[in-house]
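The sequence and the structure are shown first.

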Amino acid sequence: MRIRHLSITVIGLSLAACGGGAEDAVVPAEAQEQTVAAAEQEVAGPERRILAFGDSLFAGYGLDEQQGYPEQLEDTLRARGTNARVIDAGVSGDTSAAGRQRLAFTLDAQDTPPDLVILELGGNDMLRGIQPDQTRANFAAMLEELRARQIPVLLMGMRAPPNYGTEYQQQFDALYADLAQEYGTALVPFWLESIYQDPALFLDDRIHPTAAGIAALVEDTVDDVERVLPQE
């Protein structure tokens, strides 16, 4: 297992935003100092550690390391004033059973317990036709582990397509809301909601988002993250 943590540098983005003629602009030294001071104040306060625990949708399949959901989420949170560190614990191909097997190990490997776990799994269960009751049991075990450690959870829900049959679809789609209610966790009912109907935001496999797709997902879910992230 490889847990990576890389932050996107904003220097190149800032330069691109300046547009033509930026090389002729002169910024007073006082204004520069005020800008630096404001930027430092933006991320003041205790570090908030978020463990993004999931599958290839968190691991950034097909993307550069800096373009995945955890990395873009960290940059967005910091830009909004939260001193966040988002730890990428996504493993491509993981089912809920695989996540259940490695969750405790991953938590024990952290220097300090995370302030929040974003739990994103289940897509590979669906693709493999694993019965929803098995997926539910694996999620329940993970949520029990996190409850025992008193770590808040944001559960990222998924939905099954209609070609799996009505019964499977209903059982799979219901498990996230049921578990969130049972364990008192926050829930994003379907975290791909903002992009799933736009093929341009997916790679050629039509499963994994592009970097732009990830950016849209971050924009759509960052408020949910902020609401559940403890600030003290």
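## Two loop residues with positive phi

Glutamine 150 is found in the loop that links H7 and E4. The structure is a predicted model. Although glutamine 150 is not a glycine, its phi is positive, at about 60 degrees. Its relative accessibility is 72%, above the 50% cut-off, and therefore glutamine 150 counts as exposed.

Arginine 206 also has a positive phi, near 60 degrees, in a residue other than glycine. This arginine belongs to the loop between E5 and helix H9 (211-228). With a relative accessible area of 59%, arginine 206 is exposed.

## Overall composition and confidence

The protein contains nine helices and five strands. Along the sequence, their pattern reads α-α-β-α-α-β-α-β-α-α-β-α-β-α. Of the 232 residues in the protein, 43% are buried. Among contacts with a separation of 6 or more, 80% are between residues 24 or more positions apart.

The mean pLDDT of the protein is 85, and 81% of the residues reach 70 or more. Over residues 1-41 the pLDDT is below 50, and this stretch has 31 contacts in the model beyond near neighbours in sequence. Where pLDDT is low, predicted coordinates should not be read in detail.

## Strand E3 and valine 117

Strand E3 covers residues 116-120, and five of its five residues are buried, so the strand is largely enclosed by the rest of the structure. Both of its faces are covered: Leu116, Ile118 and Glu120 are buried on one side, and Val117 and Leu119 are buried on the other. E3 runs parallel to strand E1 (residues 48-54), to which it is joined by five bridges. E3 also pairs with E4, again in the parallel sense, over three bridges.

Valine 117 is a residue of strand E3, and leucine 51 stands opposite this valine. Its relative accessibility is 0%, which is why valine 117 counts as buried. Apart from neighbours within four places in sequence, valine 117 is in contact with Leu51, Phe53, Leu107, Leu146, Ile151, Pro152, Val153 and Leu154. Valine 117 and valine 228 are 111 residues apart along the chain, and their C-alpha atoms are separated by 10.0 Å.

The bridge partner of isoleucine 118 in E4 is leucine 154. As in E3, both faces of E4 are covered. Val153 and Leu155 are buried on one side of E4, and Leu154 and Met156 are buried on the other.

E4 and E5 run parallel and are joined by three bridges. Within this pair, methionine 156 stands opposite valine 188 in E5. The chain passes from E4 through H8 to E5 in a β-α-β crossover that is right-handed.

## Helix H8

Helix H8 has 18 residues (166-183), which should span 26 Å at 1.5 Å a residue; its end C-alpha atoms are 26 Å apart, in agreement with that value. Just after the helix, glycine 184 adopts a positive phi of about 65 degrees.

The buried residues of H8 are Tyr168, Phe172, Leu175, Tyr176, Leu179, Ala180 and Tyr183. An α-helix has 3.6 residues a turn, so residues three or four places apart point the same way. The elements that cover the buried residues of H8 include helix H6 (123-127), helix H7 (132-148), strand E4 (153-156) and strand E5 (186-188).

## Helix H5

Helix H5 (residues 96-108) has 13 residues and reaches 19 Å from its first C-alpha to its last, close to the 18 Å expected at 1.5 Å a residue. The helix has a kink of about 40 degrees, centred on arginine 102.

Arginine 102 is also one of the buried residues of H5, which are Ser96, Gly99, Arg102, Leu103, Thr106 and Leu107. Their cover includes E1, strand E2 (84-90), E3, H6 and H7.

Terms used: Residues are numbered from 1 along each chain as its sequence is written. This is a predicted model: local features need pLDDT of at least 70, side-chain atom pairs count only at pLDDT 80 or more; totals for chains, interfaces and linings use all residues. Side-chain values use heavy atoms; hydrogens and water are left out. Helices (H or I, at least four residues) and strands (E, at least two) are DSSP runs, numbered from the N terminus. The expected span of a helix is 1.5 Å times one less than its number of residues. Buried means under 20% relative accessible area, exposed over 50%, partly exposed in between (1.4 Å probe, protein chains only). Contact means heavy atoms within 4.5 Å. Two strands pair if DSSP finds at least two bridges between them. A crossover is right-handed if, with the strands pointing away from the viewer, the path from the first strand over the helix to the second runs clockwise. pLDDT is the predictor's confidence in each residue, from 0 to 100. The bend at a residue is the angle between axes fitted to the seven residues ending there and the seven starting there.
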